[in-house]
Amino acid sequence: DSGIEGSYSLLNAAENVYIFDTDQKLVGSECEDPDILAAISALSSGQGGRKSFSYINQDTVASCYYMADRNWVFIVREPASNVFGVVGTVRGMLLVICLVITVVMVVTCYYSVKVKMNPVGVINSEIKRLKGSDFSRDEALERCSKRDDEFGVIANAVLELHATLADQSELISEMLEAQTVGTLVLGAEEETVVLINHMALEMFGIQDGNREGLTIEEVRSHFDPEENAYIKENLDKVRHTNDEVVFEERVNTADGGVLWLLANAKGVCLSNNERVIIVSLVDISERKKLEEDLLIQSETDFLTSICNRRSGEYKIGELMKAKRHGMFCLFDANKFKYVNDTFGHTAGDQVLIGIANTMKKSFRTTDILIRLGGDEFVIFAVDIEDEEIGGMVIERFLKNIEAMEIEALGDHRISVSMGAVLIKEPESFADMYAKADSLMYGCKKKGGNCYAFFEGEA
């Protein structure tokens with residue numbers, strides 16, 4: 001009977017006999033369905049005062065109702081598929097209703113929040129622009145400032161902040177442009193150009209119109225690769241610290257020249273935790289030129305413009321440290337005192353200048369030419385180790401000395417006496433000088449242009 005669709009039964013609970021059933025064959029018979037018998041037992045026993053009982057078997061859902069005054073049990077049975085289909089339909093309808101209500105509530109809340117909270121978005125956008133140094137003003141913020149609620153107060157405060165920051169930005173910009181030193185701000189991590197003033201652009205030879213979008217590669221292009229490596233080495237010292245470093249750098253100018261800059265770089269951590277490097281640049285080209293001039297003057301004989309004794313000895317000493325070989329020549333002008341006494345000291349100076357010029361003419365630029373003092377000179381001819389080659393070089397020099405004409409001396413000719421030493425092992429300047437000096441005075445006795453090589457062990 002469980003397979004009967006929409007069946008009904010009425011049973012006598014005392015005898016478990018069918019009083020009525022949809023299946024007429026069961027009327028008057030005793031119930032043998034264990035599920036129904038269990039329900040009757042539970043209801044007739046009065047357990048917990050229950051008046052109804054339901055159960056589900058494999059394909060049937062049954063509801064039992066107990067009529068205590070007659071001791072009867074009324075049973076309604078439906079196929080499980082019908083019951084659960086109704087439940088599924090009801091659930092589906094409820095789900096659709098819930099979804100519709102949810103969507104309506106969400107849309108309502110969205111538009112409600114959007115209308116009410118719109119000032120928050122406007123204010124937030126304005127603050128983001130201010131953080132990015134964008135001082136354009138949104139008209140929506142102006143409208144928000146006219147509200148009478150808290151948002152109006154906040155909007156007015158943001159407008160005041162906008163005006164203050166814009167004024168400060170303009171002031172800082174004018175101050176940077178008015179500086180007589182170059183200012184360059186770099187992003188510490190990627191070395192992007194954050195800020196650069198007009199003076200720095202001028203130092204790097206970059207047009208002012210190219211300031212926007214300027215890349216670090218464009219700045220680096222004005223330095224040699226070695227100079228770029230040197231600059232990076234110094235910037236690395238402050239990239240992750242708040243330290244300060246000072247160094248010099250050479251900028252290649254468009255006309256092929258060099259501009260010397262004194263750079264002062266300092267690492268700075270901003271309030272948003274971003275790190276930048278602030279570099280100030282001062283043009284020190286004039287100072288460098290003066291330093292070079294002073295260096296040249298300190299190393300050069302004032303009268304003849306060749307090396308003085310101090311710088312000459314130093315340069316020969318450096319060659320000895322590097323174990324470079326060569327020919328050391330010491331000479332002076334014969335009868336130079338007679339020239340000064342007869343023709344005057346001005347004529348004597350012309351003789352010394354003429355000798356120095358002849359040295360420059362006769363020897364290589366890599367050779368060291370020295371005026372020791374008075375009419376005494378030294379030549380160190382680098383890498384000459386052979387007496388035959390050395391003799392050829394000396395004879396050429398003496399021939400040029402013979403051809404030298406000094407207007408103040410008229411027909412009087414200048415000659416020199418020279419001692420030469422081949423240097424094959426490092427030795428002191430004093431030792432070289434002593435060997436050549438003894439030879440030089442021996443040559444003086446012979447008269448005229450004369451030279452001799454040191455025959456001992458050099």
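A disulfide is a pair of cysteine sulfur atoms within 2.5 Å. In this predicted model, local features need pLDDT of at least 70 and side-chain atom pairs count only at pLDDT 80 or more, while totals for chains, interfaces and linings use all residues. Residues are numbered from 1 along each chain as its sequence is written, and side-chain values use heavy atoms, with hydrogens and water left out.

Under the disulfide rule, the count is 0. The sulfur of C443 has its closest cysteine sulfur in C450, at 3.8 Å, which is too far for a bond. C450 is accordingly in no disulfide, the sulfur of C443 being the nearest to its own. C443 counts as buried because its relative accessibility is 1%, where buried means under 20% relative accessible area, exposed over 50%, and partly exposed in between (1.4 Å probe, protein chains only). C450 is also buried, with a relative accessible area of 12%.

Strands are DSSP runs of E of at least two residues, and helices are runs of H or I of at least four, both numbered from the N terminus. The order in the sheet is 12-13-11-14-15, with mixed pairing. From one strand to the next the twist averages 20°, with axes taken as lines fitted to C-alpha atoms and angles running from 0 to 180 degrees between N-to-C directions. Strand 14 (residues 416-423) pairs with strand 15 in the parallel sense over 4 bridges, where pairing requires at least two DSSP bridges between the strands. A420 has F453 in strand 15 as its bridge partner.

Strand 3 (residues 52-56) and strand 4 (residues 60-67) are antiparallel over 5 bridges, and S52 faces Y65 in strand 4. Strand 4 pairs in turn with strand 5 (residues 72-79), again antiparallel, over 8 bridges. M67 stands opposite W72 in strand 5.

Helix 2 (residues 80-131) contains M93, which counts as exposed at 52% relative accessibility. M93, L94, I97, I101 and M105 make a nonpolar surface patch of about 500 Å². Accessible areas come from the Shrake-Rupley method with a 1.4 Å probe, and for residues only the protein chains shown count as cover.

Definitions and conventions
Patch = residues over 30% accessible without salt bridge, like charges linked within 9 Å, V, L, I, M, F, W, Y side chains within 5 Å. Salt bridge = Lys/Arg side-chain N within 4 Å of Asp/Glu carboxyl O.
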